[in-house]
Amino acid sequence: MNKSIYMNASVIDFLHRIPVFKMFTRDELCMMLRNGDVIRLERHMPHRIVIKEGTCTRWVYVLLRGTVKVVKDDQEIFVMGKRGEIIGEIGALQSQECRATIVTVQECIFIAINIEGIEKHGRGSLDYLHHLHDYFTPLIEERLNRTLEITDVICQIREKRQELEQLEKRLQQLGGHEKKSLLQSLLEEAE
């Protein structure tokens, strides 16, 4: 991104309207953007890894434009594409390994926030970290609930597939056969 974009008044005004940045003055936002070690704008082309599962990063990403997919254990879990969605907050705030890989589906633009940079920023950094925590907590809870529900549905689908395989084996043992069982047709429609 072009550094002159950072100093554009409309960019600073936009950032100041985002709840995560409201506690900062426009001058503070401008200063944090200027050096890029606390807040920066990032552009990622399609099919690029933003965050890799198992790595540690202290950066949190706010999606401004584009779509990303969340991948865990090489399985796509869900897709995120709403402006303002937060990515990487759990690992960054808790200094933990990232629990999933985030891959861009299309070109994306993010506001990247360096938690470590905020901690070193000095004045008001603890207040800001508390503010971030308060802002991220409901988002984390919603994402956790959504992920648990998705995982539950995936497990149910796997169980039904195993059940179907067992029923098909039993049908063959009984000497029966069906070109396509009713259950198999229903499962294919569900996919």
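View 1. Cys155 sits at 35% relative accessibility, so it counts as partly exposed, a label for anything between buried (under 20% relative accessible area) and exposed (over 50%), using a 1.4 Å probe and protein chains only. Cys108, at 0%, counts as buried. Searching the whole structure turns up zero disulfides, meaning cysteine sulfur pairs within 2.5 Å. Bear in mind that this is a predicted model: local features need pLDDT of at least 70, side-chain atom pairs count only at pLDDT 80 or more, and totals for chains, interfaces and linings use all residues. Numbering runs from 1 along each chain as its sequence is written, and side-chain values use heavy atoms, with hydrogens and water left out.

**View 2. The open sheet.** Four strands line up as E1-E8-E3-E6, with antiparallel pairing; strands are DSSP E runs of at least two residues and helices are H or I runs of at least four, numbered from the N terminus, and pairing takes at least two DSSP bridges. At the edges are E1 (39–44) and E6 (86–87), each pairing on one side only. E1 and E8 (residues 108–114) share six bridges, and Leu41 has Ile111 as its bridge partner in E8.

**View 3. The largest nonpolar core.** Such a core joins buried Ala, Val, Leu, Ile, Met, Phe, Trp, Tyr and Cys residues through side-chain atoms within 4.5 Å. Among its 26 residues, Leu15, Phe21, Ile39, Ile111 and Ile113 touch the most other members. Helix H3 gives the largest share, four residues. Beyond neighbours within four places in sequence, Ile39 is in contact (heavy atoms within 4.5 Å) with Phe21, Leu29, Met32, Leu33, Ile111 and Ala112.
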